[in-house]
Structures are given as structure tokens and as C-alpha cells.
Amino acid sequence: MTQKKPDGFTNQRILVVPESLSVHCRNHPIMESIYFTDIGFFPYAMHHFRERSAGALGTILICCVEGSGWVQTNDGRRQFLSPGHTAIIPAGTPHQYGADEADPWSIYWIHVAGSQVSLFVGEEPWVASLHARDLKRWIKLFEQCWELLELGVTIPSMLDGSQIIRQMLAILHHYRTNTLHSDKQNDYLMQAIQYMKQRLHKTMNLTELAQHVNVSKSYLIALFKQQTGYAPIDYLLRMKIQRACRELDMTDRSIKEIAAQLGFHDPYYFSRQFSRVMSISPTAYRQLNKG
């Protein structure tokens, strides 16, 4: 028979924000978009189990760093978590979760609320599989937030903490966006972008790019518009203009030299394209006070 234990683990860390402070967060012009109500770490959480038939008031983030466990939501499907997996359970979603009996998980967890949370993680439950680098960064951000709170749960610490949580949600948003597309689609996109990056000094047409990726031109156009918002050649142009901005900022090269360096044989055409993308001429851009 499965044993169940909601909480209470050796060396655990747990903090629940007082309701009076949560009310302040909900009404704060900055924090109302993203704030947290509960945060903690459960190491080696043997028999850990939680069930909420009506869901939680906030969105729950559960990041597994050791061992394993599971999450089951209202669709009845049970998803298993191992190190690097982060479960996202939106507010109001009925759910259960618990540690594996033989290999109990260690988890970082946060309850977040606010008007912009769903913009980052959506409104349906899902699991992100974080790459090692992103997992390390996610944990580091958690620890930064925790260190702030150890100095006192105050309006300033909650304000700073909410901005750290925003960064953590941004990491998850990247994975959510990628899961909407197949790995094959992402491979095609990255191949095309890498090919562009290596040839910023050359002219390129859609036929050449599609042949390199080995897909049709129509498919490549649809893929780029779907994932970047731009057609492939327009995306390439923006990469060139971004490089041109760096050259204008960091070197004394003439506009004609920069244009030639980026495959523009007509400096006037380059200037027109630069102005179309940046809404300012190369000369005016160079004269801006930046930083």
C-alpha cells in the first residue's frame, strides 16, 4: 500500500507569504503581473504526496533535481518526472503528485500568481525537460530568490523576488514555445539560421537556403513565419542589420565599407534597408547616444 505524506522532510525549506502581503502584491503596479505565494525545497521527499481536487489558487512549478516522482492532472494522464523535469500545473487545475516510492524526488517548488503568468506558461498542464545549463540557471535563480527572503519577507524583497521569478518563467516559456513544434521543425530552423549566420557577408536567395536545409521554399517560408514572425529572407536582412549596428557602434568603418562587408554592393540600397528595419538612417544611428 502506497504511503502518503504531504510535507515535513529533513532539511526542507518552506515559506508561505502572509496573506496581507499577498494582497499588497495583487494590488502593486509591478508585482500584480507576477508574484509568488509559496516557495520551498523538499530534499529526498519520501512518501511525499499532494492532492487538490479543485486545484490551487496559483500556478504550481515543480522542478525535480534528484530521484523521481509523478504528476497527474484532470485528464487522468500521469507524467513521470526525473532530474531536469519541471511540471507546470496552472491555477485551478485539479491534480495529484507524489514522490516515487523507491527513488523519492528532491524538488524545488513555487506557487506563482498574477495577470501575466499564463502568458509565460500557458493555461494547460505540461512538463518541461530542462537542459543541464538551463536547469543550473533555474536553480541559481531560485537560490537568489530564497536568499532575499531569508533577510525578511518584506515588500522590497517580494518585489525583487517577483522579478527573479519572471526570469524563471521566461526559461520555461522558451521550452513551451519549442514544444509546440516538432524536433524536426526546430532542426530545420536552426540549420537555416546557422547557414545565414555563416554567410552574412554574402548575398543569398530563398532557393539556395531551401536547398541547404533540403525542404521546399513554401515549407521554409511557413516555418519561419510560424516560429519567428518573419519570412526567411526578411529574417536574414534583420540579422545583417543587427550586425551592421554592431559595426557602427564598435568600429570607425564607413557605411560603404560596412555595407560591402555584409554583402550589399549598393550602399544606398543598404541605407534604405537599414532605415526600414531600424526606422533611422545608419548615419543617424551612429550619432545616437547609447547606453
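1. Let's start with S106: its relative accessibility is 4%, so it counts as buried, since the cut-off for buried is under 20%. Keep in mind as you look that this is a predicted model.

2. Where does S106 sit? You'll find S106 in strand β9, which covers residues 106-113. Setting aside neighbours within four places in sequence, S106 is in contact with F41, F42, P43, Y44, C63, C64, V65 and E66. Take a look at Y44 in that list: its backbone nitrogen is 2.8 Å from a polar atom of the S106 side chain.

3. Now for the salt bridges. How many does the structure hold? There are five. One of them pairs E143 with R13, with 2.8 Å between the closest N and O atoms. E143 belongs to helix α3 (residues 132-150) and R13 to strand β1 (residues 13-16), so this pair ties together parts that are 130 residues apart in sequence. As for accessibility, E143 comes out at 22%, so it counts as partly exposed.

4. Another salt bridge joins the side chains of E19 and R26, at 2.9 Å from N to O. R26 is partly exposed, with a relative accessible area of 38%.

5. Then try R276 and D234, whose side chains meet in a salt bridge at 3.5 Å, N to O. Helix α10 (residues 267-278) holds R276 and helix α8 (residues 232-250) holds D234, so the pair links parts that are 42 residues apart in sequence. Both partners are partly exposed: R276 has a relative accessible area of 46%, and D234 has 21%. Through salt bridges that share partners, D234, R238 and R276 are joined into one network.

Notes. Residues are numbered from 1 along each chain as its sequence is written. This is a predicted model: local features need pLDDT of at least 70, side-chain atom pairs count only at pLDDT 80 or more; totals for chains, interfaces and linings use all residues. Side-chain values use heavy atoms; hydrogens and water are left out. Helices (H or I, at least four residues) and strands (E, at least two) are DSSP runs, numbered from the N terminus. Buried means under 20% relative accessible area, exposed over 50%, partly exposed in between (1.4 Å probe, protein chains only). A polar contact is a pair of N or O atoms within 3.5 Å; within protein, one must be able to donate a hydrogen and the other to accept it, and residues adjacent in sequence count only if both atoms are side-chain atoms. Contact means heavy atoms within 4.5 Å. A salt bridge is a side-chain nitrogen of Lys or Arg within 4 Å of a carboxyl oxygen of Asp or Glu.
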